[in-house]
Amino acid sequence: MDLSITRADHGDRTVVHLGGEIDVYTAPFVREKLDEQIHAGRADLIVDLSEVTFLDSTGLGVLVGRLKFARTRGGSLRLVGTSERVLRVFAITGLDKVFDIHPDLESALAAVEHGEAPMPPTSSSHH
């Protein structure tokens, strides 16, 4: 199985680092790990996808479900993503407007810190 999941706490924020491939085989493990955090009351999650090499619709479904779950617990789920391939999946599906996606962990933590609303997409991006 080409998936790694590690967790680190930053104050009351929990960062879950995912690495490798998130697909129909590995997505259930991702769901389980994220649910564990939310059930434990750590609903302010940052999921770091910067080491993810592949993400399919199953993986997206898990992330969308966890976002909704975290919100029902008064939390949030922010993403850190840099891979063009992974970010393209969010753009194609329109989920880049649903998720708060940051280029690095520092900006994701800072956004949580300040309780910022997701930034509207800038009109200067060229696609």
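Q: How many helices and strands does the secondary structure of the protein chain come to?
A: This is a predicted model, in which local features need pLDDT of at least 70, side-chain atom pairs count only at pLDDT 80 or more, and totals for chains, interfaces and linings use all residues. Residues are numbered from 1 along each chain as its sequence is written, and side-chain values use heavy atoms, with hydrogens and water left out. Helices (H or I, at least four residues) and strands (E, at least two) are DSSP runs, numbered from the N terminus. The protein chain has four helices and five strands.

Q: In which sense do strand 1 and strand 2 pair?
A: Two strands pair if DSSP finds at least two bridges between them. Strand 1 (residues 3–10) and strand 2 have eight bridges. Thr6 stands opposite His17 in strand 2. The sense is antiparallel.

Q: What is the bridge partner of His17 in strand 3?
A: Strand 2 is joined to strand 3 (residues 44–55) by eight bridges, and the two run parallel. In strand 3, His17 has as its partner Asp48.

Q: Why does strand 2 count as largely enclosed by the rest of the structure?
A: Buried means under 20% relative accessible area, exposed over 50%, partly exposed in between (1.4 Å probe, protein chains only). Thr14 lies in strand 2 (residues 13–22), and Thr14 is buried because its relative accessibility is 0%. Strand 2 is largely enclosed because its buried residues number eight of 10.

Q: Which side chain does the side chain of Thr14 join in a polar contact of 2.4 Å?
A: A polar contact is a pair of N or O atoms within 3.5 Å; within protein, one must be able to donate a hydrogen and the other to accept it, and residues adjacent in sequence count only if both atoms are side-chain atoms. At 2.4 Å, the partner of Thr14 is Arg42.

Q: Is Asp100 buried or exposed?
A: Asp100 is found in strand 5 (residues 100–102). The side chain of Asp100 makes polar contacts with the side chains of Arg78 at 2.3 Å and His102 at 3.2 Å. Because its relative accessibility is 10%, Asp100 counts as buried.
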